[in-house]
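Me: I am new to this structure and would like to go through it step by step. Could we look at it together?

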Amino acid sequence: MELVFKLFWIYYLTNLFVNSESNRPIVITTWQFHNASIKAWSILNDGGIALDAIEQGASVCEIQQCDGTVGYGGSPDENSETTLDALIMDGKTMNVGAVGALRRIKSAISVARHVLEHTTHSFLVGELATQFAVQMGFQEESLSTQESQEQYTKWHNQDNCQPNFWMAVKPDPTKQCGPYHEAKRFFKTDIPDVRIIDQYNHDTIGMVAVDQNGDVAAGTSSNGAKHKIPGRIGDSPIPGAGAYADNHVGGAAATGDGDVMLRFSPSFLAVEEMRRGASPTDAAKTAIKRIALHFPNYMGAVIALSKDGDYGAACHGMPSFPFIVQDKTRAAHELIIIKC
């Protein structure tokens with residue numbers, strides 16, 4: 001009888017362990033960024049590490065200019081310049097590398113990885129981040145394209161600098177643009193609003209991965225809000241806002257109205273909710289509801305992934321939100337669409 005009892009517990013504990021590992025590796029990605037997910041999964045499926053999957057997956061979107069909201073040639077600011085934000089976080093070491101308002105360097109997520117691996121800093125910004133990237137061997141080149149310049153010209157000349165991010169103010173009366181109107185923030189109005197978040201105006205790719213070793217990583221890349229005030233940084237490169245990872249729990253990433261979302265650290269909150277026992281879906285919902293309590297008309301979404309490979313998402317202010325999952329239970333990546 002004692003032998004039977006021991007065998008039972010061996011069987012139970014063995015299956016418990018196997019089941020906890022059964023959904024590794026796995027990667028989840030915001031929006032319909034298929035090629036980024038395919039690249040990240042190819043690394044994980046070959047036994048690669050989560051950090052490499054995040055960096056190389058997001059790099060695909062930077063190169064392919066996903067939806068015009070990631071990488072060069074999109075979202076020109078008020079001076080017609082495209083700048084980039086990116087973050088990568090290692091859940092094993094709790095180390096972070098991030099860049100904000102990066103100028104004239106296309107590989108933002110890779111520069112962030114170099115900040116993580118080659119410095120004891122966490123965040124570099126602006127022109128000096130560009131200098132760092134050049135020191136590390138990155139090529140300096142224009143981030144503008146004919147399309148981005150046409151976007152700027154139309155906004156500046158035909159649309160009289162509408163919409164914009166100013167609040168009922170024209171800061172420079174001599175500037176040949178405007179007049180500026182008060183931005184109808186967080187509300188749908190008859191005035192086109194840059195804060196209407198959809199497939200082509202959401203700012204970010206967010207990715208979270210767990211590799212076969214159980215190591216968690218998360219990252220983001222973005223070219224920011226269209227027609228932003230120069231120097232603006234949204235939630236994407238801010239640890240805990242754009243993304244967060246912790247090997248003991250899992251990871252999360254956010255997308256949407258970054259100026260609002262960064263104030264609530266939604267990715268950190270989602271991870272902490274999972275730490276307290278919430279499912280990834282419930283954790284994401286909690287993070288979203290916290291923001292909606294104060295800004296009921298904001299638009300955004302959070303994806304969450306546990307260290308054991310459970311995943312979920314929640315969204316607000318949109319009809320629906322798509323994200324992609326790839327793990328070893330699927331022959332190919334799966335697009336999942338949730339209602340908001």
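This is a predicted model: local features need pLDDT of at least 70, side-chain atom pairs count only at pLDDT 80 or more; totals for chains, interfaces and linings use all residues.

Me: Which strands are included in what covers the buried residues of helix 9?
Reply: Helix 9 runs over residues 280-294 and reaches 23 Å from its first C-alpha to its last, close to the 21 Å expected. Its buried residues include Pro280, Ala283 and Ile288. Their cover includes helix 7 and helix 8, together with strand 9 (300-306) and strand 10 (311-316).

Me: Is Glu273 buried or exposed?
Reply: Glu273 and Arg276 meet through their side chains in a salt bridge, at 2.4 Å from N to O. Arg276 is exposed, with a relative accessible area of 58%. For Glu273 the relative accessibility is 15%, and because buried means under 20%, Glu273 counts as buried.

Me: Which residues are linked with Arg103 and Glu127 in a network of salt bridges?
Reply: The side chains of Arg103 and Glu127 meet in a salt bridge of 3.1 Å, N to O. This pair links distant parts of the chain, with Arg103 in the loop between strand 3 and helix 4, and Glu127 in helix 5, 24 residues apart. The network that links Arg103 and Glu127 also holds Glu81, Arg104 and Glu140.

Terms used:
Residues are numbered from 1 along each chain as its sequence is written. Side-chain values use heavy atoms; hydrogens and water are left out. Helices (H or I, at least four residues) and strands (E, at least two) are DSSP runs, numbered from the N terminus. The expected span of a helix is 1.5 Å times one less than its number of residues. Buried means under 20% relative accessible area, exposed over 50%, partly exposed in between (1.4 Å probe, protein chains only). Contact means heavy atoms within 4.5 Å. A salt bridge is a side-chain nitrogen of Lys or Arg within 4 Å of a carboxyl oxygen of Asp or Glu.
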